[in-house]
Amino acid sequence: IMQDTHLLRWQNLSWEQQQQQRQRRTTWKHKVLLYSSILILLLVTFITRTGAYARRPCRYEENPNVVECGSTWSNTATYLYTGCSRALWSWSIAWIVVLCLQGHGG
């Protein structure tokens with residue numbers, strides 16, 4: 001019976017040696033994914049703080065056109081932010097977790 005020698009070599013390594021092998025296999029693709037995920041997290045956080053929540057929330061009886069409350073963005077920008085921000089945030093966190101679990105987190 002022919003066995004996969006690569007798999008046998010991997011099973012015979014200690015945990016520290018397996019970690020070293022994983023770290024050696026970190027490619028530029030892994031680093032691009034990691035750094036782009038971190039960049040997206042920072043951008044979403046910055047955009048949220050400077051635009052979407054730059055002013056205090058409006059009460060039900062207040063009109064944002066008269067009183068300084070609510071978002072400073074147009075309705076289109078608010079809809080795009082609302083639709084995309086949580087998906088981008090989740091995608092970024094998921095990729096960071098996946099990369100770290102595979103040993104490519106840095």
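Student: In which handedness does helix 3 pass helix 4?
Tutor: This is a predicted model, where local features need pLDDT of at least 70, side-chain atom pairs count only at pLDDT 80 or more, and totals for chains, interfaces and linings use all residues. Residues are numbered from 1 along each chain as its sequence is written, and side-chain values use heavy atoms, without hydrogens and water. A crossing is left-handed if the near helix is turned anticlockwise from the far one by less than a right angle, right-handed if clockwise. For helix 3 and helix 4 the crossing is left-handed.

Student: Which classes make up the contact of helix 3 with helix 4?
Tutor: Ala, Val, Leu, Ile, Met, Phe, Trp, Tyr, Cys and Pro count as nonpolar, Asp, Glu, Lys and Arg as charged, and the others, Gly among them, as polar. On that basis the contact of helix 3 with helix 4 holds no charged residues, seven polar and 16 nonpolar.

Student: How many helices are in the protein chain?
Tutor: Helices are DSSP runs (H or I, at least four residues), and strands are too (E, at least two), numbered from the N terminus. The pattern along the sequence is α-α-α-α. The protein chain has zero strands, and its helices number four.

Student: What percentage of the 106 residues in the protein chain is buried?
Tutor: Buried means under 20% relative accessible area, exposed over 50%, and partly exposed in between (1.4 Å probe, protein chains only). In the protein chain of 106 residues, the buried share is 18%.
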